[in-house]
Structures are given as C-alpha cells and as structure tokens.
Amino acid sequence: MAGKKVLIVYAHQEPKSFNGSLLKIAVEELTKQGCSVTVSDLYAMQFEPRATRNDIVGHLHNPEAFNYGVETWEAYKRGGLSKDLVEEQKKVQEADLLIFQFPLFWFNMPAILKGWMDRVLVQGFAYDLSKAYDGGLLQGKLCLFSFTTGGSKEKYATRGDIRYLLWPMQHGIMHFCGVKVLAPHICYAPESVSEEKRKEMLTAWTQRLKTLWKEEPIDCSPEWYFK
Ligand SMILES: Cc1cc2nc3c(=O)[nH]c(=O)nc-3n(C[C@H](O)[C@H](O)[C@H](O)COP(=O)(O)OP(=O)(O)OC[C@H]3O[C@@H](n4cnc5c(N)ncnc54)[C@H](O)[C@@H]3O)c2cc1C
Ligand SMILES: [Zn+2]
C-alpha cells in the first residue's frame, strides 16, 4: 500500500540464491506499490551476531558482573547502545511491516538473523517488564517470516507440523514485542524441485505481495501452533 514503510531483514550470503530472488521480488513489488522499502542485508553488512560488552558505549551499570539484558536496557535508556544497534532500531521503529527472509537452518533462523533479534530487540525498546505480547512496545507493526527449506512439503507434512518451529520466532519473539504476525511464506525445497516449480513459487510470492495489505494477522495463540 502506497506510503507504507517496509523493513526486510535478509539473511543469505548469495544474491543469486533463491532467497536472493525472493528478496528482489519483494523489493520490486513493494516499491511498485509505492511503499518505501529498506533492506538490512545482514551478511553484506557483516552484521555482528554476538551479544557482547561491545554493544554498550561507555560505562557499565554493573562492571562487577556483566548481565547483557540489564546492560543493554540501561544503555538504551541513556542513549549508550552501539551505533549498529541504534541504526537497526531506527529502521524497526519507522517500519509498518517487518519481513524476515532466510533459509531454514536447523529448524530455525540462521545465527546471523538470530543475532539480529538478540541484539536489536532490547528491553525498553521492544518490550518492557509489564509491556509484552499484546502490550509489547512494537505495537501497530506487522511481521512476516518468509523462508525456504531443504525438505519437501510432503516430508514436512508427514514428519509433523511446520508450525511448531514457528512458535519461538513468531510468538516468542515478534508477538512478545507486540508485533502482529501475518501468515508465514514458505518455499519448500527450491534446490530439489524443477525449474518450472521454482518459477511458480516466485510468481506465488509476487501474487501474495499484491494483496498483502488486505491480509488479517494470524491468531498467534498456542492453538494456532499446537492444536
Ligand atoms: C546449516 C544448515 C542447516 C539447515 N537446516 C535445515 C533444516 O533444519 N530444515 C530444512 O528443511 N533445511 C535445512 N537446510 C537446508 C536449507 O534450508 C536450504 O538449503 C535452503 O533453504 C535453500 O534455499 P537457498 O536460497 O539457499 O537455495 P539456492 O540453492 O540458492 O536455490 C535453489 C535453486 O534455485 C535457483 N534459483 C535462484 N533464483 C532463481 C530464479 N529467479 N529462478 C529460478 N531459479 C532460481 C538457484 O540457482 C538454485 O539452483 C539447512 C542448510 C544449512 C546450510
Ligand atoms: Zn503469539
């Protein structure tokens, strides 16, 4: 929808990859709609995934025993987070929609993207003690997890519901921060299917993006994942 701001957090090393093609489609289609699109290309940025002392500029709240959660919360309040974190938080703050684009690694997101979650979604910025889930500090935003797998759709269907692995990402992270969750977009086994099928999957993503702003978020409750 024209005027909407979208942040795509992208975790693939290779622009010619299938994930790279999905990213390109999203940038082109959303830009065509009049959205302003920002991409955090984590590998290209050499994004630091480790949550360390380096994320705090200046003095520590408690130099005797380092506690990452407490230190980043305190640093956020006094404007003492490292520059790369402040930049990512600004992008999140401005966005109406966050799209995460990645290949599934060990039933989860790649470490570089998990590191983005660990470091950017700081207490005080994304949530607070009494402000979590529907009351999270990133209320009013939408998110969408778009990922590819190695395993086929059929294998995932027989081995159990893929929704289980969405629980920590969608509910544990995004819903916790108050973000509403759109249905995930999963491209199964792009390495194994035919060229024709790959093209079909790319077209389906373009088509979905065309009506994305009309979608209702999922009911991100335990029932959606484990019923
Ligand atoms: C550490 C690790 C852990 C993993 N864990 C899991 C796991 O738990 N579960 C699981 O299911 N999988 C797992 N995988 C597999 C992984 O999820 C897949 O390898 C990945 O999702 C494939 O996506 P890709 O973008 O890298 O594919 P690519 O190999 O980049 O792309 C597939 C094919 O699409 C082609 N292509 C790219 N763009 C286009 C285009 N525009 N038109 C047509 N063709 C195109 C490419 O040339 C390539 O031939 C794991 C992999 C690793 C490395
Ligand atoms: Zn939820």
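**Figure 1. Helices in the shell around ligand 1.** Helix 7 contributes four residues to the shell around ligand 1, the most of any contributor. The model shown here, as in every view below, is predicted. Helix 7 spans residues 195–210, and helix 1 spans residues 18–32; each of these two helices supplies at least two residues of the shell. In total, 22 residues surround ligand 1. The closest are Ser21, Leu104, Trp106, Thr148 and Tyr156.

**Figure 2. Polar contacts of ligand 1.** Which residue places a polar side-chain atom 2.7 Å from a nitrogen atom of ligand 1? That residue is Ser21. Lys199 also has a polar side-chain atom beside a nitrogen atom of ligand 1, at 2.9 Å. With Gly150, a polar atom of the backbone takes part, and the distance to a nitrogen atom of ligand 1 is 3.0 Å. On its own, ligand 1 has 1,000 Å² of accessible area, and the protein covers 69% of this.

**Figure 3. The zinc site.** The zinc ion (ligand 2) is held by four donor atoms in a tetrahedral arrangement, with angles of 92 to 128 degrees among them. The donors are ND1 of His171, ND1 of His175, and both O and SG of Cys220, at 2.0 to 2.2 Å. Along the sequence, the donor residues follow the spacing H-x3-H-x44-C. His171 and His175 both belong to helix 6, and because they are four residues apart, about one helical turn separates them. Are these two histidines buried or exposed? Both His171 and His175 are buried.

Figure 4. The buried residues are Ile112, Leu113, Gly115, Trp116, Met117, Arg119 and Val120. What covers them? The cover includes three strands, namely strand 1 (5–10), strand 3 (97–103) and strand 4 (142–148). It also includes helix 2 (68–77), helix 3 (83–94) and helix 6 (163–175).

**Figure 5. Phe107 in its loop.** Phe107 sits in the loop that runs between strand 3 and helix 4. Its relative accessibility is 53%, and the cut-off for exposed is over 50%, so Phe107 counts as exposed. Apart from neighbours within four places in sequence, Phe107 is in contact with Tyr156, Leu165 and Met169. Computed along the chain, Phe107 and Ile173 are 66 residues apart, while their C-alpha atoms are 16 Å apart in space.

Definitions and conventions
Residues are numbered from 1 along each chain as its sequence is written. Chains are lettered from A and ligands numbered from 1 in the order in which they are written. This is a predicted model: local features need pLDDT of at least 70, side-chain atom pairs count only at pLDDT 80 or more; totals for chains, interfaces and linings use all residues. Side-chain values use heavy atoms; hydrogens and water are left out. Buried means under 20% relative accessible area, exposed over 50%, partly exposed in between (1.4 Å probe, protein chains only). Contact means heavy atoms within 4.5 Å. Donors are N, O and S atoms within 2.8 Å of the metal (3.2 Å for Na, K and Ca); water is not among the atoms, so sites may look incomplete. Four donors count as tetrahedral if all angles lie between 85 and 135 degrees; four count as square planar and six as octahedral if opposite donors are over 155 degrees apart and all others between 65 and 115; anything else is irregular. A residue is near a molecule or strand if one of its heavy atoms lies within 4 Å of it. A polar contact is a pair of N or O atoms within 3.5 Å; within protein, one must be able to donate a hydrogen and the other to accept it, and residues adjacent in sequence count only if both atoms are side-chain atoms. Accessible areas come from the Shrake-Rupley method with a 1.4 Å probe; for residues, only the protein chains shown count as cover.
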